[in-house]
Amino acid sequence: MNSTLFEKSHNGRSGINIPKQGLADAPSLDSSLLRSAKAELPELSEFDVVRHFTRLSNKNFSIDANFYPLGSCTMKYNPKIQERVGGLEGLANLHPHHITNNKTSLVQGALKSLKILEDNLKEITGMKAFTLTPQAGAHGEMTGVMMIGAYHKKKGNNKRYVIVPDSSHGTNPATAAMVDYDVITVKSNKDGSMDLESFKDAMSEEVAAVMMTVPNTLGLFNPAIKEICDIAHAHDALMYYDGANMNAIMGVIRPGDIGFDVIHLNLHKTFATPHGGGGPGAGPVGVGERLIEFLPDLTVDFNEEGYFFGTPSQYTIGKVSPFFGNYMVLVKALVYMQTLGREGMINASRKAVLNANYILSKLKDHFDAPFKQYCMHECVLSAETLTKEHGVRAMDIAKYLLDFGLHAPTVYFPLIVKESIMIEPTETENIDTIDYFCQKMIDAVELAKNDAEAFKTLPITLPISRPDETKAARSLNIRWQA
Amino acid sequence: MPYTPHTQNDVQRMCAQIGIKDETELFQSIPNELRAKSFDLEEGLSEFEVFENFKNLASQNDTSKISFLGGGYYDHIIPTAVDALSTRSEFYTAYTPYQAEASQGTLQALYEYQTMICNLTGMEATNASMYDGGTAIAEAALMAVRISKKRKKIIVDSGVNPIYIKILKTYLAYHDLEVISLEVKHDGTDKETLLSMIDESIAGYIFQNPNFFGSIEDYSEIIKALHNVKAVAIMSSYPIALGILKSAGEIDADIYCGDGQSLGNYLGFGGPSFGILACKEKYIRNLPGRIVGITEDRVGKRSYVLTLQAREQHIRRDKATSNICSNQNLMALRATIFLSLLGKEGFEKLALQNYNKSEYLKTEIAKIDSIKIYNQNPTFNEFVIELPISATQFIDKMEEKGFFAGLKLETLLENFQNRVLVSTTEKRTKAQIDSFVASVREII
C-alpha cells in the first residue's frame, strides 16, 4: 500500500551495470576523509524501479490525461515536438563551461537560438531588452525587482516601499521582501481593479515600484493602467508587470507600449513548456530603457562574425543563475513560438478568452459571480452562497470534480473573493471537454442542495481520499526511517 | 490553427451562448490607445520545418569531442530508464501537487527524493529541490542569517565554485549584510586565517568539499569553532563525491547545498539542473521551498502531502522564508530514479571509479616534465594542472586533437593564469585517458 522504494529494497539487488573501470584502483584516501558507511539507497532491479515509477505515474493527474481549469496557471497542452527537439544531441549534451572558456565557436547554434528567442520576446512584449537567465517566474520577479533596486541606488533615490494590489500573486510581496522592500497593499474596488484613489494615497516619493498583474488575477483588464503608470513615473517609481497572465493578451496589448519598465514571463504558462509536476519553468525578464544597464550578467550579442557573449555593464545586478537559466526550457518555448507564429499567437489569446467567457456565461447563474462583465482568459466565481446555505465550500466543489477526472480549479485565490473558484480553461481545450466540466460544476450545485453531507467523503475514486494535513505538519515525517 | 481545436461551428455556438457576434468583442474593455503598436513576428511553421530548424541549430554546437570538462557540470552516465520514466507524461505534464489526491505519484517520488538526499548528505531535513547549486547557496546564507538571529556577516571560502559566489553576492546585495571572502591558501582553505575571523558576529561560513579545484579537506575542527560561537556551517559539494566522502552530517555541518545535474540530468548548456538544500531538523522552519510529508487520509491510508506550507509565499506572502514558488521537480524526479537504479552499492562504486580514473589521469599527466599538478591536497574527480603555455593555447590545441581539455581558471579567478581544471568521470575509458595524456605530451 503506497510502499516506498525503501520498503521494496533487497540487499544485493542492483539496477545498473556501471562501465568497466579497466585500470587498477588508486591508493585509498585517508580514512579521516571517507564516510563511515555507505549511503542508504534502496537496492532494486531495473524492472523494480520501472514498475515502481510507472505505478506512481498512474497516481497523477496530468494535462495529457485531464482537464486542468486552474486559474492563473495556464495549463495548456504541451506539444510533443518539444521533447523531440529537447533530445537533440547538440543541445542536450552541450557543456555550459564553453561559456566560461569563451569558446563561442562551439556554441553558435545555442547562442543563435537564444538571440531569436530574445527578439521574439521583445516583439511580443514591446520591451527593449531581455535577460533569459531567471529559472522560474518568481526568480524572474526577483531579478526584476533587483534591477529596480539597482536603478534607485544608482540615482541615489531613497525608496522603501513596493506597492502591490490585494489581488496579487503571493510571489509579488514575497519577492519585494527578498529585495528588502516593505510592502504596501492597495485594495481593489468593486470592479476588481486596484482602487485608483487608494493607489494615489499610497503613492509617495518613497515608493520604489508598483507591481501589477495584467489582466489582474480576477481575469479583468484595468483600463486605468496607463494613468497608474503615469502617476508612478511622476514619483520615479517603476512599473512592474507580472506576466503570469500573458496568455490573455498576445497581440492585443504590449506592456512596453503602455509604459511598463519591467516584465517577467512564465514560459511554462504562456509558451506551453511542460510543468514537470512543479518545475522546471523559465522566467525571462524584459526591460525598458531605464533598466537596460542593470541587466544580469550573461547576454548574447551578434556581429558579422557571429554570436558572442555580451559584456555586462558596470551597473549589472550580477549573476542570478549560473549560465542561461533553464536553457532547455527556453528551447522548448521557442519551438512553440515558431510553430504558432504571429497568427497562431493572436489566435491562442482570442480562443483562451473565448473559452473562459463561455464558461462564465454557462456558470454565472449557478454560482455567485462577483464580476459579471466579460473576463479575459480566466473567470472568478464564488461558492459563498452555497457555503452559507448548504455548508458546501469551494474546496468541496474542487474535490467533487476530481472524481470525474477533472482537476480542481484554483480555490481560495485571489484572496479578495470569499470562497473563490478561479477557472482558466486555456485555448487548447475543446468545447466538449468544457461542456462536460460545466455540467459537472452544475451537478455539484444540485448535489449541494440535495445532499451536502455527501461532499465530506469526496473524492472516492482516487488513490487516496482527503488527507489529514494537520497531522502531516504536527507529526512530521519527511523521510523514510526504517 | 495549431493546438486550438475550435471549428467555425464551435466558435459560433460559443459566441451565441455568450451573447456576442464575434470573439473580438470580448476585448472591448481595452481602450484603443493601449492596443499593441506592433506584433511583427514570423509566420507559423509546420512541425517538420521547426524540427529542421532546430536540427540545424543543434549542428552548429559542438558536442563531438572527448570531454574532460567539469567544474560543477559533469558528463556522467544516464541510464535509459531515467529518460523512459521521467518523460512519462503523467509526470511530465502534471501540475504542482497542491491537490494531493490527484498527485500521489509526484508527491511519493518527492518523499523518496527527500529520503535519499538526507541519507546521502547525513542531514535530517530537505526540501523538494531548489533551482540550482548556486541559488541553493544563496538561500542557505539567508537561512544562516535567520538562524543566527540576524547576524550580518557571511564568510565564503574562495574554494566555493566562483559562479555560485557571484550568485550569492547578487542575492545578498539588497540586505544589510556583509559577504567576507576567505582567499584560498594555495588549493585549500586558509584555516589559520579563518579561525581568527570566527567570532560572535559571524552568521555562517560557506565552504565546498571537494572544493572548486577538486581538493578534499577535513573541516571538523572548523565546524567545532563555528558552533562554539553559534555560527552556522554551510557545506556545498558535488553530490557524486558523497558516494565515498564524509557527509555533511558526519562532520556536523548545519546546512548542505549542492547541484543535482550529475544525478541523472543532461548538461543542456547549463540547465535545467536542480539545487539541493538540506539541513538539521531543528532548522526546518527556516528552510525555503516545498516539503513533502506523510500523513493519513480519512480512512487511515498512507498519504503524501505538501506540508509546513506556512513557510511559503502563497500563504505568508511578504513574511515567507523565500519567494521561491516552484521546485525543479522533473530534475529531482530524474535524480530519484537515477539513485534508485544505482542503489547503495552502485553509487559507491560509481564514486570510487570517478576517483580511481582521476587518480590514474593525475599520475600519468604528472609524468610530463613541464606540467605540474597544482593541488597539494588529495583530490576526488578533478584537479588543476599548471602549464608552460597559456590556458587558451592549451585548450585550443587540445580541441584540434579531439578533446575538450578542461576549464580555464583565469576567467573566474585572478592569479590563475596557465592553470586548467581537468575532470574525469566513469565515462572516460583508460584508452581515452591515455590518448588525452599522449596528446598533451605532443602539444606541450
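These legends walk you through a few close-up views of a predicted model.

**View 1. Where chain B meets chain A.** Welcome to the interface: here 165 residues of chain B are in contact with 172 residues of chain A. On the chain B side, the top contributor is helix α11 (residues 329-366), which supplies 22 residues. Sorted by class, this side of chain B that touches chain A holds 75 nonpolar, 53 polar and 37 charged residues.

**View 2. A helix from each chain, packed together.** Two packed helices are described by the angle between their axes and the distance between the axes. In this view, helix α11 (residues 327-363) of chain A packs with helix α2 (residues 47-59) of chain B at an angle of about 140°, and their axes are 10 Å apart. The angle lies between 115 and 145 degrees, so α11(A) and α2(B) count as oblique to each other. Their crossing is right-handed.

**View 3. The residues that join α11(A) and α2(B).** Look for A:Val335, A:Gln338 and A:Thr339 on α11(A), which make the contact with B:Glu47, B:Val50, B:Asn53 and B:Phe54 on α2(B). By class, this contact has 3 nonpolar, 3 polar and 1 charged residues.

**View 4. Inside the largest nonpolar core.** This core has 301 residues, and those that touch the most other members are A:Val262, A:Leu330, B:Ile234 and B:Val420. Helix α11(A) gives the most to the core, with 20 residues.

**View 5. The surroundings of A:Val262.** Neighbours within four places in sequence are left aside here. Among the residues in contact with A:Val262 are A:Gly144, A:Met147, A:Ile148, A:Leu238, A:Tyr240 and A:Tyr241. Contacts of A:Val262 also include A:Val285, A:Gly286, A:Val287 and A:Leu291.

Terms used. Residues numbered from 1 in each chain as written. Chains lettered and ligands numbered in written order. Predicted model: local features only at pLDDT ≥ 70, side-chain atom pairs only at ≥ 80, totals over all residues. Contact = placed C-beta atoms within 7 Å. Helix = DSSP H or I, 4+ residues; strand = E, 2+ residues; numbered from the N terminus. Nonpolar A, V, L, I, M, F, W, Y, C, P; charged D, E, K, R; others polar. Axes fitted to C-alpha atoms, helices over the stretch in contact; angles between N-to-C directions. Parallel < 35°, antiparallel > 145°, perpendicular 65-115°, else oblique. Left-handed = near helix turned anticlockwise from the far one by under 90°. Core = buried A, V, L, I, M, F, W, Y, C linked by C-beta atoms within 7 Å. Buried ≥ 20, exposed ≤ 12 C-beta atoms within 10 Å, placed from the backbone.
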